[in-house]
Amino acid sequence: MGCIPGDPRWNRIEDWQITLAFLCELPVQAVHRLRSPHADLAVARPSLEVALPGGGHVDERALWSSVVGDLDSLPDLADAVRAWARDCDVTFTERPLRPHLTLARARRYDNAPVTATAPASTASPDSLGRPNASTWSAAQ
């Protein structure tokens, strides 16, 4: 069965994560070195209570949702994750922590934008704390 152009590949809810470090594609060996220590870092911290008030898209190729709520401990966790990655000699681009969930991505070889999938924009980027000009609000 073929895909409809612009029909994104939705992330399964069990794969949702808040990005703490942009590690990009890693060799399998690096993934094995990082998996257990990073899991230990996460398990050692209390659960977070969060909400998904709205979101936007990145270059019409990915849909994301902003995350708000009990995020005070995230900067320390992100610092620990990044320090462990450095200790394992994994190089990555340092970016500011901007809590979000990636919900869907354009399918490989599909050049159609995924933006038709997102609700119409009703929120400003500043209200969602995102640097992207294209945003939507879940309060619609």
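Residues are classed as buried under 20% relative accessible area, exposed over 50% and partly exposed in between, with a 1.4 Å probe and protein chains only. The structure is a predicted model, in which local features need pLDDT of at least 70 and side-chain atom pairs count only at pLDDT 80 or more, whereas totals for chains, interfaces and linings use all residues. Numbering runs from 1 along each chain as its sequence is written, and side-chain values use heavy atoms, with hydrogens and water left out.

Helices (H or I, at least four residues) and strands (E, at least two) are DSSP runs numbered from the N terminus. Strand β3, residues 54-58, is mostly covered, with four of its five residues buried. In strand β4, five of the five residues are buried, so β4 is largely enclosed by the rest of the structure. In a regular strand, side chains alternate between the two faces of the sheet.

Strands are taken to pair if DSSP finds at least two bridges between them. Antiparallel pairing joins β3 to β4 (residues 62-66) over four bridges, and V58 stands opposite A62. The hairpin of these two strands has three residues between them, and D59 there takes a positive phi near 50°. Strand β4 also pairs with β6 in the antiparallel sense, over five bridges, with A62 opposite R105 in β6.

A pocket is an open set of points on a 1 Å grid over the protein atoms alone, where a 1.4 Å probe fits, with protein on both sides within 12 Å along at least five of seven lines; lining residues have an atom within 4 Å of a point. The largest pocket is lined by 41 residues, and Q17, I18, T19, L20 and A21 lie nearest its centre. At least two lining residues are supplied by each of α1 (28-43), β4, α2 (74-87) and β6 (100-105). The largest share, five residues, comes from α1.
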